[in-house]
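Biologist: I am new to this structure. Can you show me how to read it, one feature at a time?

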Amino acid sequence: MWLLADGFGPWEAATSYEPEPDWAPQVNRGLAAIAEQCAPDRRASAAAIIAQAIREFPDFNDTIMKLCR
């Protein structure tokens, strides 16, 4: 939820994806409010969440890329 709230979707979370040079995540205040209600003690940056996912799920990138096709 925090990834979505910070403007990151599955494509942006994939580690091999190179965003467009002018791309910037857009915070979604509605999703941030939901994330705050559901997981206020789990707040983390998108970079931290992605790094943790990569450690826990080494094939994370390949799995996400398959889902995005």
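Modeller: Start with one definition. A residue is called buried under 20% relative accessible area, exposed over 50%, and partly exposed in between. Take Leu-67, in helix H5. Its relative accessibility is 66%, so Leu-67 counts as exposed. Keep in mind that this is a predicted model.

Biologist: How many helices and strands are in the protein chain?

Modeller: The protein chain has five helices and zero strands. Read from the N terminus, the order is α-α-α-α-α.

Biologist: What share of the 69 residues is buried?

Modeller: Buried residues account for 25% of them.

Biologist: Where should I look for a core?

Modeller: Begin with the general idea. Nonpolar side chains tend to be buried together in soluble globular proteins. Now the case here. The largest nonpolar core has eight residues: Leu-3, Phe-8, Ala-13, Ala-46, Ile-50, Ala-53, Phe-60 and Ile-64.

Biologist: Which elements give two or more residues to this core?

Modeller: Helix H4 (46-56) and helix H5 (60-68) do. H4 gives the most, with three residues.

Biologist: How do I read the faces of a helix?

Modeller: Use the helical repeat. An α-helix has 3.6 residues a turn, so residues three or four places apart point the same way. Now look at H4. Ala-46, Ile-50 and Ala-53 are buried there. Viewed down the axis of H4, these buried residues fall within an arc of 60 degrees, so they line one face of the helix. Ala-47 and Arg-55 are on the other side of H4, and they are exposed.

Biologist: Which residues are buried in H5?

Modeller: Phe-60, Asn-61, Ile-64 and Met-65 are buried in H5. Around the axis they cover an arc of only 125 degrees, which puts them on the same side of H5. The other side of H5 has Lys-66 and Leu-67, both exposed. So Leu-67, exposed at 66% relative accessibility, is our opening example again.

Biologist: How do I read a salt bridge?

Modeller: The general idea is about charge. Side chains of opposite charge can pair when their charged atoms come close. A search of the whole structure finds one salt bridge. Asp-6 forms it with Arg-43, and their closest N and O atoms are 3.1 Å apart. This pair links distant parts of the chain, 37 residues apart. Asp-6 is in the loop between helix H1 (2-5) and helix H2 (10-13), while Arg-43 is in the loop between H3 and H4.

Biologist: Is Asp-6 buried or exposed?

Modeller: Asp-6 is buried, because its relative accessible area is 15%, under the 20% cut-off.

Biologist: Which residues form a nonpolar patch on the surface?

Modeller: Met-1, Leu-4 and Ile-34 do. Together they have about 260 Å² of accessible area. Take two of them in turn. Met-1 is in the segment before H1. Its relative accessible area is 48%, so Met-1 is partly exposed. Ile-34 is in helix H3 (residues 29-38). At 35% relative accessibility, Ile-34 also counts as partly exposed.

Biologist: How far is Met-1 from Arg-43?

Modeller: Their C-alpha atoms are 9.6 Å apart in space, and the two residues are 42 apart in sequence.

Biologist: How many disulfides does the structure hold?

Modeller: Again, the idea comes first. A disulfide is a covalent bond between the sulfur atoms of two cysteines. This structure holds zero disulfides. Cys-38 is exposed, with a relative accessible area of 63%. Cys-68 is partly exposed, at 32%.

Technical notes
Residues are numbered from 1 along each chain as its sequence is written. This is a predicted model: local features need pLDDT of at least 70, side-chain atom pairs count only at pLDDT 80 or more; totals for chains, interfaces and linings use all residues. Side-chain values use heavy atoms; hydrogens and water are left out. A disulfide is a pair of cysteine sulfur atoms within 2.5 Å. Buried means under 20% relative accessible area, exposed over 50%, partly exposed in between (1.4 Å probe, protein chains only). Patches are made of residues with over 30% relative accessible area and no salt bridge: like charges are joined within 9 Å, nonpolar side chains (Val, Leu, Ile, Met, Phe, Trp, Tyr) within 5 Å. Accessible areas come from the Shrake-Rupley method with a 1.4 Å probe; for residues, only the protein chains shown count as cover. A salt bridge is a side-chain nitrogen of Lys or Arg within 4 Å of a carboxyl oxygen of Asp or Glu. Helices (H or I, at least four residues) and strands (E, at least two) are DSSP runs, numbered from the N terminus. A nonpolar core is a set of buried Ala, Val, Leu, Ile, Met, Phe, Trp, Tyr and Cys residues joined through side-chain atoms within 4.5 Å. The arc is that of the directions from the helix axis to the C-beta atoms.
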